[in-house]
Amino acid sequence: SNPFEVKVNRQKFDILGRKTKNDVGLPGVSRSKAIKKRNQTLLKEYKEREKTNVFKDKRFGEYNTKITPEEKMIRRFTLERQQNYGKKNIYNLNEDEELTHYGQSLAEIEKLNDIVDSDSDTEERGTLSAELTAAHFGGGGGLLRKKVSSEQQDEEEEKPKSRKELIEEMIARSKQEKQERQTRRESALELTEKLDKDWKEIQTLIARKTPKSERKDKDVEKPKPDEYDMIVRELGFEMKAKPSERLKTEEELAKEEQARLQKLEADRLRRMRGIDEQANKKRPSHMSADDLADGFILDKDDRRLLSYKDGKINIENEEEKEEEEGEEEGEEEGDEEDNDNEEESQEESASEDEEDDAADRHSDLESDHESEEEAAGNKEEKKHKANENESQNVEKLDPKSKAAKSELPYTFAVPESYETFKSLLAGRTIEQQLIILERVQKCNHPSLAMGNKAKLEKLFGFLLEYIGELATLDLPELRTIDKLVLPLYNLCQMFPEAASDSIKFILRDAAHDLEEVIEVKGRATFPGLDTLIYLKIISLLFPTSDFWHPVVTPAFMYMSQLLTKCRITTLQDVIKGLFICCLFLEYVSLSRRFVPELINFLLGVLHISLPKNHAQGYTVVHPFTPVGKNLELLFVCDKEDLKSWEKQNVPLSIVTRLKETSKTEINHTRLSCLALCFDLIKKCAALYECLPSFHEIMHPVRILLTQHVPVNEYPEKMQELYHSALKELENKVKHYTPLICEKKKPVPLKQYTPKIVKVLEFGRKQAGSKKEQERKQLIQRHKRELKGAIREIRKDNQFLARMQLSEIMERDSARKRKVKELLGSLATQEGEWKAMKRKKWKS
Amino acid sequence: QLPTGLYKKVLVILHDSVLPYMNEPTLMMDFLTVAYGIGGAISLLALNGLFILIHQHNLEYPDFYKKLYSLLDPSIYHVKYRARFFHLTDLFLSSSHLPAYLVAAFIKRLSRLALTAPPEALLMIIPFICNLFRRHPACRVLVHRPGGPADMSEDPYVMEKEEPSESRALESSLWEIQSLQNHYHPDVAKAAAVLNQSLSEMEDDISGLLELSAYELFDKEVKKKAVDVPLEFEQIRGLFGKKNDIFAEHFSLD
């Protein structure tokens, strides 16, 4: 090529083994190539930028290079013919015309349709054959299909088949299909029947559930499978008996516990029915044919087995009864099979097992007795009858049974609703309630069954609700609550999340109520005793010293609201407030956190214990006011009452019912409150002594104590309390050290020492893993591509700008030319006109 | 001359539905000044109208800040108009030309009063004080006094003085905020701990905190999702069965 068009990239150094890609370039050639390409693409787009019309070439196979031109022409011709086929002549009205679809008369198609429908009625619907679908819905794909079919049939049939032929063919085909399907169905039926037969044969070996009469026959017929069964079971028992020496897991322990409870329950039941140990001992000789000796396959549900038979404590619901029935049935059915291996298995089974199952067997015995007496009859009825009969008999005979009756059942299901829970505990003494709760927990240990966890979690909520209810009674059963917190604690230890959720729920409700009351009335009243008890329970269940705790922190907020928002109008309010103060103190006793509300409230309580017109040197804040209704609420002026007062604990029940007893008693309660307040102040002082502004915090309290409280009028005991509180306040050293901010960590100066990296291989980028290398490569490639793309875009823009410029130039030059032309013609006109004028002048 | 209820009603709406429509708002001057002098909630409310007069109508109010200072008493954290009052106080104290002693006196007084405030007010006042420190760096001696006297037996600040200049606030330190670092509410404790470090440059936005209510705080806490719930490990023996139970000393279960 032209040496002037070649650009050589000169290498500074020749390096051996280096492949050079770009040593020679042809800038002119590449440029012209690029321009040409742009002319074909970009320029075209540019010229057509405002055109929306598109030219589409729809000629058949125009751009298909695989088809030879001759073939192409033939195809086109056939297509044309096909399109015109059937159109005939639309203007020829005389011709008797049939409406057609896809070359077939519509009427015929309709007939055909009917036939097909009647056929397919018996068969599966919705699965139409391909033929049918094509015939019915063949509109779109018609052309193509036709092509294919015509190809299939070669040249012998250029035209499609006549209508009649087609229809006949279709009918034949559908008939054939129908027949085929029928045969298939028949064969399937046969197979299933055969299978059923086989199954029946095998079933007797496996299933327990077969009528007695049949079974006996079968026992005779097939003794061998029973032996097999025996062996299998034996093996099973051996496996179970093995792990006795290793450490027991929690699950096993729970199981054992459950077993123990079951045993106790069984004992209790037996005693209630009045069947003594003697009968128990005799029993082996008395074993019925149907008795089962396989107590070791106690299912998990067994624990429910016995709980319902106590006529009095019929707690369980229908569902469980049914379950039990089912079990019973199952066991009975199992009995027969176990008959043979009874003795062996008894030998094998441990003595514990025997004892465990005593009741089970016993119940079986009973039912068997009954069944002997009357073969038919509802099982449940029977049992109830049996129970009644027996218990009646026994009551007369045996005094023991009475004790047994009052005794609790040993197994309980977890109550599903609060009502059932309440009925479970109703009428029981505290101890009994505790035992019930304990047993409910043990029987439903989460490791025993799947749903137990959720059930016990619910139980926590119920228990909480129950406590609340107890506290809201007219005579709050605080002693009961006192005991009930123990199971609450245990449950909480088991399910912290659920417990916290339910307590939070209660708190949210309480706070919501408070907020509502404030919004409606503008002021709030203290909540009932139940809420106070809940708050106390929170401090028992959860650590209150945490910086943040999901339950305790909201409780703090709630108590703070109570102390600041609630009106104090009665003596009960004061007691409730003081109760909350105690709660606050208890909550922060370990963490020593500062509670402003507490001090405010105590100050307020002191304030209302004074005669009027004494508010100087200190200010009380909401809910106490320097003037107003609640003044002198705790003020006692009766000398007699002052003298006769003895320090005693405030009964909590006073909160719900402050009977208007004698004035003396009220005064005594007031004094008790005051004493409580003094003590709390003392405790606060001890708690907050390390706060830097302790004296500022306690300043108003101190002023009130020293200047306003009429100490000398108080009884001696009160004076003692007063002085101890005051002492606690005053003997703190005033000690202030100026504050100093924590020093910021100095930001290190930037250093310019070079970073030294070991070079392992020269000429290669250092990188860690393969992945890292790949990533870097990708990044680099991306960079390169980006640069290239930007360059291309720039060139495109330049090209476009050039084109636009040339367009403008062209337009301008055309305009100039035209202007010139016009001016020229005007000039000649003018010239001619002037010449004419001159001529006139001359002439 | 008006009953208290009516006074409050008038003053609540005065600033945005009366004053803008008056031809000469300055006529309200005497009314507002008298109302401002009454004290308590009425003074707080009159502040709003006064602010408009001072700001837009060139009212000169002698000893305005002294009066404002004396308005601060423990009830300001508990009254209904807390948000409005602190919004205005923030405006009044936003000038950077105020003398340091005045701002320091305000800071000291506000934090002293904060010792009786409920948590929702504390969450508002602590950033408020931080903002004051940012605007008036001269007051930072209140939280940072290196080389001061090591031991003092008394807080130099005198709360009882009416005059801010006599309160010796600049010689004191913010022990109150330090006490609040032990507050039971975790957010308050965190907010108070901010003053331990040197403050950032940006001012906190307190407009969202002004209207904070106790119920909102409670709701926020309740809705927090906890990963796990720590439990009390001490085995209980009954409702009042804890060790050293305060209740057992004072209440009986009867």
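## Confidence in chain A

In this predicted model, chain A has an average pLDDT of 73, and 67% of the residues score at least 70. Among the elements of chain A, the highest mean pLDDT, 94, belongs to helix H30 (residues 770-842) of chain A, and the lowest, 40, to helix H11 (residues 277-282) of chain A.

Two segments of chain A require caution. Over residues 115-126 of chain A, pLDDT stays under 50, and the model has 10 contacts beyond four places in sequence for this segment. Residues 138-158 of chain A likewise stay under 50 in pLDDT, with 10 contacts beyond four places in sequence.

## A nonpolar surface patch in chain A

On the surface, Trp199(A), Ile202(A) and Leu205(A) form a nonpolar patch; together these residues have about 270 Å² of accessible area. One of them, Leu205(A), lies in helix H7 (residues 163-206) of chain A. Leu205(A) counts as partly exposed because its relative accessibility is 34%, a value between the limits of 20% and 50%.

## Annotated transmembrane regions in chain B

An unreviewed UniProt entry places the feature "transmembrane region" at residues 31-54 and 85-107 of chain B.

Over residues 31-54 of chain B, the model is 92% helix and 0% strand, and the end C-alpha atoms are 14 Å apart. Over residues 85-107 of chain B, the chain is 70% helix and 0% strand, with the end C-alpha atoms 15 Å apart.

Terms used:
Residues are numbered from 1 along each chain as its sequence is written. Chains are lettered from A and ligands numbered from 1 in the order in which they are written. This is a predicted model: local features need pLDDT of at least 70, side-chain atom pairs count only at pLDDT 80 or more; totals for chains, interfaces and linings use all residues. Side-chain values use heavy atoms; hydrogens and water are left out. UniProt positions are given in the numbering used here, feature names are shortened, and annotations may be inferred rather than shown by experiment. Helices (H or I, at least four residues) and strands (E, at least two) are DSSP runs, numbered from the N terminus. Patches are made of residues with over 30% relative accessible area and no salt bridge: like charges are joined within 9 Å, nonpolar side chains (Val, Leu, Ile, Met, Phe, Trp, Tyr) within 5 Å. Accessible areas come from the Shrake-Rupley method with a 1.4 Å probe; for residues, only the protein chains shown count as cover. A salt bridge is a side-chain nitrogen of Lys or Arg within 4 Å of a carboxyl oxygen of Asp or Glu. Buried means under 20% relative accessible area, exposed over 50%, partly exposed in between (1.4 Å probe, protein chains only). pLDDT is the predictor's confidence in each residue, from 0 to 100. Contact means heavy atoms within 4.5 Å.
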